[in-house]
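Let us walk through this structure chain by chain. Keep the view open as you read.

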Amino acid sequence: MKAIWIALVGVALLAGSAAGASKGTTVNLVAYSTPKDAYGKIIQAFQNTAAGNGVGFNQSYDASGDQARKVAAGLPADVLNLSLDPDIEMLVRKGLVPKNWKANAHEGIVNDSVVVFVVRDENPKKIKGWNDLVKPGVSVITPNPFTSGGARWNVMAAYGAVRRQGKTDTQAVQYLKRLFHHVPVQPDSARTALQIFAQGQGDVLLTYENDAIYAEKKGVHTEYHIPKATVLIETPAALTKSGLKKPAAKAFYKYLWSSTAQKAFADQGYRPVIKSVAKGYKFAQPPGLFTITSRKWGLTGWTKVNRRFFDPNNGVMAKIERSLGH
Amino acid sequence: MATDAAVLERPRPRPAVSGALARGVATGYLSVVVLLPLAALVWSSRAGGLGAFWEQATRPEAVAALKLTLGVAAVCALVNAVAGTAIAWTLVRDRFPGKGIVDALIDLPFALPTIVAGLTLLALYGPGGPFGVSIAFTRTALLLALLFVTLPFVVRAVQPVLLELDTEMEEAAASLGAASFAIFRRIVFPNLLPAILSGVALAFARAVGEFGAVVLISGNLPFKTEVSSVYIFGQLQSGNESGAAAVSVLLLGISLAVLLAIGAFRRWRTRHDG
Amino acid sequence: MARYVLRFGALGYLALLLLVPVGLVFYRAFEHGFGQAWDAVSSHQAVHALELTLLIAAIAVPANTVFGIVLALALVRTRFPGRGLVNAVVDLPLALSPVVVGLALFLLYGRGGWLGGLAGHGIKILFAFPGMVLATMFVSLPFVVREVVPVLREVGTDQEQAAETLGASPLQVFRRITFPAIRWAVAYGVVLTTARAIGEFGAVSVVSGRIEGKTETLPLYVQARFEGFDTPGAYTASVVLAVIAIATVVGLRAFHPREETAA
């Protein structure tokens with residue numbers, strides 16, 4: 001009899017402390033710049049749930065690479081949403097994010113998008129596919145791959161698409177070199193690239209689909225076209241080691257895959273990863289969609305791709321930039 | 001007079017204690033705010049050894065960026081020396097309607113965040129701009145952005161000196177029939193030179209370090225329009241922190257050398273005249 | 001004749017380089033009407049950003065002013081070893097790109113840095129108010145020094161020496177002779193320092209962590225608006241910054257209306 005009482009009291013205490021731990025805590029959300037509006041809605045919705053009641057949020061939005069470095073230098077972070085795997089992996093190496101951050105149903109991917117071509121009204125140069133980008137007289141805008149995560153997705157989309165056409169690795173790298181011949185300016189970020197394109201520079205802009213949709217919503221007219229072959233951009237989110245200690249942070253992280261949250265992402269132009277939510281939105285499916293782990297087309301995951309293509313000393317892109325300069 | 005001789009002979013009553021204290025405080029402030037972070041930077045850049053430092057600093061893109069940066073900054077400083085002095089002169093000695101407004105606007109390049117400066121210049125002088133010119137993403141655009149950002153330096157350095165300048169000598173020379181330019185060259189200019197050089201040093205330093213306005217309008221093409229600050233940023237973003245630190249320290253060293261040279265030149269000129 | 005050439009040359013340069021771009025900023029801010037512009041900058045986030053910016057400036061500017069005057073006096077009136085070096089070091093903060101300033105501050109105060117341990121004791125420098133103040137002090141350091149030094153040289157020590165021989169204390173000498181002579185230089189130095197302190201974007205962006213409603217200054221807010229495709233909002237917030245800078249100059253002139261030399 002006494003044992004049951006002790007057990008009941010123990011359970012009550014535990015439940016009380018768990019609930020108490022949620023109340024009055026602050027969750028530190030550190031994200032890249034794009035999903036800001038979506039998170040505004042998601043946080044509000046979360047705070048209306050039982051788990052989120054009374055939870056405060058510190059939100060920080062900036063370029064993905066910058067955020068990763070800031071967290072490494074001490075910026076408090078419980079939930080991370082960055083634009084590239086390697087940015088999170090860097091924090092794993094620094095001991096701030098657990099190694100098994102991907103060990104959940106969606107491997108840490110919270111939403112998707114695709115690389116698209118933004119063109120001028122009526123597409124006067126008839127830019128439809130990757131081969132059109134290297135036609136004479138076509139001017140392509142893409143951010144600098146060394147400063148922008150978005151640009152890296154662009155490069156890998158180009159590479160993978162060309163490999164899909166049956167070309168070899170050498171030929172695909174040759175294509176990349178030709179492509180960058182057509183790039184007159186490499187802004188430092190994806191949003192800046194979009195602004196510059198909107199001001200009249202270039203014939204085509206390579207960017208995320210969700211950025212194009214969001215810009216349109218905000219009154220910047222963007223006519224975009226999804227090429228037949230393109231890469232699936234998968235944006236990762238992770239719980240940091242400090243986030244694991246906060247029940248509210250864990251609850252919020254799980255909430256990112258709820259239908260409310262996924263709908264908020266979709267309203268901003270992202271492709272939701274929960275199928276039932278995706279059904280409610282009309283996203284065109286390009287026939288030649290591939291991912292960063294499509295080995296058939298030479299894409300072997302971000303760690304290897306990052307090292308091979310974007311190493312600042314010996315990467316493929318560094319060599320291409322050097323050859324363009326001389 | 002006996003008292004004067006006695007005064008001249010005894011050592012100047014330097015306010016020893018308070019002077020040293022003030023200097024100490026100032027040096028302490030300088031150390032905490034400036035020197036300590038810089039020391040941390042220099043220390044980090046030598047972490048891999050001198051060989052690694054040199055290798056990072058002499059990579060082709062880094063060298064190209066450095067040459068471009070220093071070259072454009074030098075041109076910018078020179079243009080500022082001339083234009084800034086002319087503007088300061090006009091603001092102090094001339095009268096025209098709206099002078100007060102123009103004077104108040106001179107500092108705006110500082111107060112406006114660099115991204116605004118960059119976007120505005122791009123809107124005006126890039127494709128689709130109202131003037132029909134499109135120099136965006138060229139070296140001219142780079143120079144333009146830097147001229148905008150460094151506008152206040154020489155102007156504001158020369159203005160206070162001009163305000164304090166005693167015009168007696170100029171008036172005397174004019175009444176003796178000297179031409180205006182000769183008056184300027186022989187009487188006014190030597191007095192303004194230290195201030196001009198001060199402003200030029202600041203303008204040069206700022207032009208070397210500018211990032212925000214430049215990154216938008218200059219195109220950032222390596223070997224063509226990429227300046228050192230953008231190169232360093234790219235290295236940092238790609239995870240090459242030691243490379244970024246190395247080039248930063250090299251740039252810092254060169255800037256320091258140039259600033260020392262300008263300072264020495266100024267001291268030489270002042271001794272020469274005084 | 002020469003006067004007109006000079007005037008038109010100077011004004012033409014200013015028009016192309018300064019007046020037209022600034023005019024565009026104002027135009028873009030108000031092109032959709034005053035009401036919308038007002039809405040853009042009266043949001044909670046914008047007001048907080050403005051307050052934070054002004055607070056940082058209220059600390060950085062006086063600190064750099066006092067430091068500037070003291071150092072200028074030391075550089076011009078005394079001789080100490082390393083004078084030339086100190087002189088050059090003062091200008092260095094400007095030569096550093098904001099990325100590098102941020103990097104240097106990270107290396108010093110960040111996790112694993114020389115003073116990284118401070119955070120463990122509850123003294124938050126990076127990603128908090130102190131870090132932003134330090135970064136702002138860093139980038140706006142040189143101006144008062146640079147303005148005062150040439151004027152101090154120009155003015156000479158005659159009057160000061162005379163006062164000293166007559167028995168004035170160092171403080172009296174400073175207050176009655178030195179300071180009035182340099183007050184214009186100090187004034188311009190303060191104006192420049194203020195403009196730079198409120199407008200600084202790069203270095204503050206790196207050390208601030210950009211926590212919304214907590215460590216976002218007005219320039220950072222401007223960039224956030226651009227990122228969110230709210231261009232009118234961005235330009236309007238920029239106008240606020242411009243107005244503060246203009247107000248500083250106008251305010252200073254009101255204090256010292258006598259600004260014309262006897263020409």
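Start with chain B, where the domain assignment gives domain 1 (16-45) and domain 2 (50-273). This is a predicted model, and the places described here can be found on it. How far apart are the C-alpha centres of the two domains of chain B? They lie 26 Å apart. The two domains also touch. Domain 1 of chain B brings four residues to that contact, and domain 2 of chain B brings six residues. Look at the side that belongs to domain 1 of chain B. Two of its residues are nonpolar and two are polar. No charged residue is found on that side of domain 1 of chain B.

Now turn to chain A. Here the assignment also gives a domain 1 and a domain 2, and each is written as two segments. Domain 1 of chain A takes in 2-111 + 234-278. Domain 2 of chain A takes in 113-233 + 285-325. The C-alpha centres of these two domains of chain A are separated by 30 Å. Their contact draws 16 residues from domain 1 of chain A and 17 residues from domain 2 of chain A.

Which elements build the domain 1 side of this contact in chain A? Helix 3 (64-73), helix 4 (85-93) and strand 8 (229-239) of chain A each supply at least two residues. Helix 4 of chain A has the largest share of that side, with three residues. By class, the side of domain 1 of chain A that touches domain 2 of chain A has four nonpolar, eight polar and four charged residues.

Next, step from domains to chains. Chain A and chain B meet in a contact of their own. Chain A puts in 19 residues, and chain B puts in 26 residues. On the chain A side, helix 15 (residues 316-325) gives the most, with three residues. What classes of residue make up the side of chain A that touches chain B? Seven are nonpolar, nine are polar and three are charged.

Finish with chain C. Its secondary structure comes to 13 helices and zero strands. Read along the sequence, the pattern of chain C is α-α-α-α-α-α-α-α-α-α-α-α-α. The C-alpha trace of chain C spans about 65 × 60 × 30 Å along its principal axes. Chain C has 263 residues, and 55% of them count as buried. Now consider the contacts in chain C with a separation of 6 or more. Residues 24 or more positions apart account for 75% of these contacts.

Methods
Residues numbered from 1 in each chain as written. Chains lettered and ligands numbered in written order. Predicted model: local features only at pLDDT ≥ 70, side-chain atom pairs only at ≥ 80, totals over all residues. Contact = placed C-beta atoms within 7 Å. Helix = DSSP H or I, 4+ residues; strand = E, 2+ residues; numbered from the N terminus. Nonpolar A, V, L, I, M, F, W, Y, C, P; charged D, E, K, R; others polar. Domains from an automatic or database assignment. Buried ≥ 20, exposed ≤ 12 C-beta atoms within 10 Å, placed from the backbone.
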